[in-house]
Amino acid sequence: MPLDAARTFELPKDAIANLSRRYSRVRGHTLSLTEPLSAEDQVVQSMPDASPVKWHLAHTSWFFETFILTLHAADYRAFDPAFSYLFNSYYEALGARHPRSARGLLTRPPLSSVLAYRAHVDDAMARLLDYDQAPDVVDLITLGLAHEEQHQELILMDILSLFAASPLSPAYSQDPPRPALARRPGVSVFLAGGLVEIGARGEGFAFDNEAPRHQVFLRPYRLASSLVTNGEWLDFMADGGYRRPEFWLADGWALIQQEGWAAPLYWREVSRGWEVVGLAGARALDPKAPVEHLSFFEAAAYAAWAGKRLPTEAEWEHAITHMPDSFDQVDDSLWQWTSSAYAPHPGFAPAAGAVGEYNAKFMIGQMVLKGGAAITPKGHSRPAYRNFFYPHQRWMFSGLRLAEDADVSPLEDDEFRAAVIAGLGAPRKRLSAKWFYDREGSALFESICDQPEYYPTRQEMALLATIAPLIAKHIPPDATLVELGSGASLKTRRLLDATSRITGYAPVDISESALATGARDIARDYPYLEVTPIIGDFSQPTTLKQLGKDLAEDLGSGGAKVVFFPGSTIGNFSSADIVAFLSDYRQLLGSRGLFIIGVDLAKDAETLEAAYNDREGVTAAFNLNLLARINREADGGFDLSKFAHRAVWNALEGRMEMHLQSREDQTVSAAGRSFQFVSGETIHTENSYKFTRPGFLALARRGGWRLIEDWTSSAPAFSTFLLAADSAG
Ligand code: SAH
Ligand code: AVI
């Protein structure tokens, strides 16, 4: 992308003043980074990849001199003609240059001249910034500042490389920026994928390599919410990670033989265990901190050892932008390796002129890293940012976040459209109640629970408060709790508060938004729990398969499994479906399985109908949101004012029914079809069966479960049943 294409706005009046202030701040910060350093510290080059600090100070000034001052400042006089040879980094268009690997031999010019060079450039830039500048000059200055920030990070990387080579392990700082730790226990976040967009949006500055924004197709996948830790890396090493070729790419295996690598860079084995050299000097290894200074080869080997893989760049970027609240350590910890080669995005065009060499010519043989590190200047990175290094390099602040394939796609994009076509095309129009729960629907359900007429949530919550200790007595140690239709996971807390025997939690919900916040909050408040959220329809074989896999693999097949199914959501199913559903879970859980299920009991029609016709109209909005969802997701043309919410007690069937009733004859298009409604006709949107105790127990028995104990609330009555797998079942 040409640099000026990133601009989407006219420069406001004070833009130049802002830029001038930013210029001073960024340039000043570079100098402040050298405060702890002696002149000698700033001359030495620890290895060909690293540069002396003095060289960084000069090169960043050379950038402004070469690309801006010599071209756009009429009276500019170069500080020293020799500097264009000494401090050109890699620009072929600008002629010959001093070899990179010999930058450490430049004892001349002395540091004092380099500092005078910076001041000379800054003075000239200050004069330039006194006047309005053409947009292309503003863009070049903005690029120069982003470039300088990259060198600020390089200064810290290169100084650490130098100091770590010293037997004295000097500290650069007593309190350097440290990689952020995960704020909660790690989970593997499910993403459905599909056709997604990545790349710079063209809002604000971006490097040319981040554009253009483009579509990418992603298979369903999971991405870890946090980075791999030092403790986990020790497990890898203890399991022969660096000695077993089966985990390594051929080039990586050859490299670690050649270099004798047996641990990440800067790790040192001492009598007390492992030490790590960082900007604060040598410190004991912190097992909870993310593992840092890894090459791509090491990151990929670890992923192979863990039975997982590195995310692609697109997977990383989509996940982090799509579900920002679900991930920790995004840009405040370490750069994260991806499995993506650093290649041009489709449609990429390098910037015009010599700055076109900035990124484009490096698009070979390197791998992309995403995110940002604790030492990265604040505000420098963004989700579309593409950092890149060769696979053997590891002196940068690099770490890893694991990904894996999710081999089922519980919610195909087209599934809702297909349900709309089938449901509205049927002679008696109907839609499954599970489609209520998009983001808006889940929020509306939460408000239904606060309505005075909707008693089930209140009654069940109160009942659970009393009986949770009684239920807990039946839960064996190290149990995994699977919760079906977990929503905000509020009732779960009653159980978790009553026992510490539950160590794993797998909430299952069709609503991605409810699940994301519900699971996050539980993980935050119960940090010892291993939380594995699963998005999907809990009655579908694909979800049961995924659940079976997670229960066996991640959650440990040893412990007991307990299913919690509150809310009387079971009432959405007919008797035949309940029996089939209970049998499926009986099979999944095995002979030691337990089932805790909330069931609403049949009662007078008046109480029931009031519960589904609350005075505030929240249930009506919840019901009508289904039409709004069809409009949003299936190209529907519903006029919501032409439908009425109806909720009635069907005594014959023993169920509350919700319908959306057409107020007039009308034809409505949705999902590419048109559907006719006669006045008064309804779409049947929900059944909520209400049970009797013997009626429910008969269904449970047929599903392979026997009663341990049951409890009933005060009126309006709501029951909880504790069931055990029936060995005859
Ligand atoms: N358990 C909570 C929420 C009940 S609301 C409570 O008792 O208050 C019903 C929840 O089940 C919603 O979060 C909804 O998204 C989810 N749900 C409904 N049908 C589902 C299905 N077939 N598969 C998975 N989740 C479903
Ligand atoms: C979640 N489910 C059991 C609720 C119920 O009562 O059937 C959903 C609901 N429908 C209308 N109000 C609440």
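Figure 1. Ala 725 belongs to strand S25, which comprises residues 718-725; the model shown here and in the following figures is a predicted one. With a relative accessibility of 6%, Ala 725 counts as buried, because the limit for a buried residue is under 20% relative accessible area. Apart from neighbours within four places in sequence, the residues in contact with Ala 725 are Arg 586, Gly 590, Ser 591, Gly 593, Gly 704, Trp 705 and Arg 706. Thr 667 lies 58 residues from Ala 725 along the chain, and the C-alpha atoms of the two residues are 50 Å apart.

**Figure 2. The site of ligand 1.** The shell around ligand 1 consists of 16 residues, of which Gly 485, Lys 491, Asp 509, Asp 537 and Phe 538 are the closest. By class, this shell contains 5 nonpolar, 7 polar and 4 charged residues. An N or O atom in the side chain of Lys 491 is found 2.7 Å from an oxygen atom of ligand 1. Two further contacts involve nitrogen of the ligand. In one, a nitrogen atom of ligand 1 is 3.1 Å from a backbone N or O atom of Ile 510. In the other, an N or O atom in the side chain of Asp 537 is 2.9 Å from a nitrogen atom of ligand 1. On its own, ligand 1 has 560 Å² of accessible area, and the protein covers 93% of this area.

Figure 3. The side chain of Tyr 612 places an N or O atom 2.6 Å from an oxygen atom of ligand 2. For Ser 688, the distance from a side-chain N or O atom to an oxygen atom of the ligand is 2.3 Å. Glu 686 has a polar side-chain atom 2.8 Å from a nitrogen atom of ligand 2. The protein buries 97% of the 330 Å² that ligand 2 exposes when taken alone.

Figure 4. The buried residues are Phe 296, Phe 297, Glu 298, Ala 299, Ala 300, Ala 301, Tyr 302 and Ala 303. Their cover includes helix H6 (230-238) and helix H7 (250-259), together with strand S8 (335-341) and strand S9 (367-371). Just after H8, Gly 307 adopts a positive phi of about 75°.

Figure 5. Ser 333 is located in the loop between helix H9 (313-322) and S8. The relative accessible area of Ser 333 is 1%, and the residue is buried. The side chain of Ser 333 reaches the backbone oxygen of Ala 180 at a distance of 2.9 Å. Neighbours within four places in sequence aside, Ser 333 is in contact with Pro 179, Ala 180, Leu 227, Pro 290, Gly 372, Ala 373 and Ala 374.

**Figure 6. His 345 in the loop between S8 and S9.** The loop that joins S8 and S9 contains His 345. This histidine is buried, with a relative accessible area of 4%. Among the residues in contact with His 345, beyond neighbours within four places in sequence, are Ile 198, Gly 199, Asn 209, Glu 210, Ala 211 and Pro 212. His 214, Glu 313 and Arg 386 are also in contact with His 345.

**Figure 7. Overview of the protein.** The domain assignment gives domain 1 (6-164), domain 2 (188-405), domain 3 (429-434 + 606-689) and domain 4 (454-603 + 692-725). The centres of domain 2 and domain 3, taken over C-alpha atoms, are separated by 48 Å. The secondary structure includes 19 helices and 25 strands. Of the 729 residues, 57% count as buried.

Note on methods: Residues are numbered from 1 along each chain as its sequence is written. Chains are lettered from A and ligands numbered from 1 in the order in which they are written. This is a predicted model: local features need pLDDT of at least 70, side-chain atom pairs count only at pLDDT 80 or more; totals for chains, interfaces and linings use all residues. Side-chain values use heavy atoms; hydrogens and water are left out. Buried means under 20% relative accessible area, exposed over 50%, partly exposed in between (1.4 Å probe, protein chains only). Helices (H or I, at least four residues) and strands (E, at least two) are DSSP runs, numbered from the N terminus. Contact means heavy atoms within 4.5 Å. A residue is near a molecule or strand if one of its heavy atoms lies within 4 Å of it. A polar contact is a pair of N or O atoms within 3.5 Å; within protein, one must be able to donate a hydrogen and the other to accept it, and residues adjacent in sequence count only if both atoms are side-chain atoms. Accessible areas come from the Shrake-Rupley method with a 1.4 Å probe; for residues, only the protein chains shown count as cover. Ala, Val, Leu, Ile, Met, Phe, Trp, Tyr, Cys and Pro count as nonpolar, Asp, Glu, Lys and Arg as charged, and the others, Gly among them, as polar. Domain bounds come from an automatic or database domain assignment.
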